[in-house]
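Please open the model in your viewer and keep the sequence panel beside it.

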Amino acid sequence: MIFKDWKNSASHLKDVRYLSIMAVFIAIKVIIGSAYIPLSESLHIKFSFLAICVEASIIGPVAGMVSGLVTDLIGFMIAPSGPFFPGYTLSAMLTELVYASFLYHKPLSIARITAAKAINNYVVNVCIGSIWSSMLYGNLYLYYFMRSIVKNTLLLPLEVILLVLLFNLLGRTLKARGFLHADTSFPIPFLTSKTK
């Protein structure tokens, strides 16, 4: 099953329709990548994760990782927020991989969306992201880890709610066009029949 999903996703890189979808999502991610809403002095929410998650559910792991790579490179060239560091490029690719692993060719559920977001928050953002920050800026890993885990824990419920709302808004159209699993129902249930 995993091999089939990776093969299908790789085939999208030869499909003009999917390449067009990737181009649109890359543009969206670059545009909204630096936009955020401050929730407090040290806490703000960005919205690029919404586009990343929807894209990954449509194009899968291989095409998603390629899109993550291209988005990070273009975003850095257009609006660099610091020195270029390949670790962050890797994180962008891993983020797409995690979302695709849970949502590509699978019935959507709140549980799946939550699991994908939690893994991205705690593994990619907290554990791996703290390594990159420590390498770049020199402070101890634990310093960045503690800051990041608090931030990602506080944001997780809000991010999951936004993802569920977005999929409920767009899902029927995406399903009708064959981009989402045929067994996905709306409103999105907490569990699907295959995960109960």
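Begin by selecting Ser57, whose side chain reaches the backbone oxygen of Val54 at 2.7 Å, a polar contact in the sense of a pair of N or O atoms within 3.5 Å, where within protein one must be able to donate a hydrogen and the other to accept it, and where residues adjacent in sequence count only if both atoms are side-chain atoms. Before going further, note that this is a predicted model, in which local features need pLDDT of at least 70 and side-chain atom pairs count only at pLDDT 80 or more, whereas totals for chains, interfaces and linings use all residues. Residues are numbered from 1 along each chain as its sequence is written, and side-chain values use heavy atoms, with hydrogens and water left out.

Ser57 lies in helix H3, helices being DSSP runs (H or I, at least four residues) numbered from the N terminus. At 1% relative accessibility Ser57 is buried (buried means under 20% relative accessible area, exposed over 50%, and partly exposed in between, with a 1.4 Å probe and protein chains only). Leaving aside neighbours within four places in sequence, Ser57 is in contact with Leu103, Tyr104, His105, Phe167, Phe179 and Leu180, contact meaning heavy atoms within 4.5 Å.

Now turn to the aromatic side chains, where a search of the whole structure finds six aromatic pairs; rings of Phe, Tyr and Trp (its six-membered ring) pair if their centres lie within 6.5 Å, and planes under 30 degrees apart count as stacked, over 60 as edge-to-face and the rest as tilted. Select Tyr18 and Phe179, whose ring centres are 5.8 Å apart with planes at 80 degrees, so that the pair is edge-to-face. This pair links distant parts of the chain, with Tyr18 in helix H2 (residues 16-32) and Phe179 in the segment after helix H6 (141-176), 161 residues apart. Both Tyr18 and Phe179 are buried.

Then select Tyr141 and Phe145, whose ring centres are 5.8 Å apart and whose planes stand at 35 degrees, so this pair is tilted. Tyr141 and Phe145 are four residues apart in helix H6 and thus separated by about one helical turn, and Tyr141 is partly exposed at 32% relative accessibility. Finish with Phe85, Tyr88 and Trp132, which ring pairs link into a cluster.

Note on methods
Helices (H or I, at least four residues) and strands (E, at least two) are DSSP runs, numbered from the N terminus.
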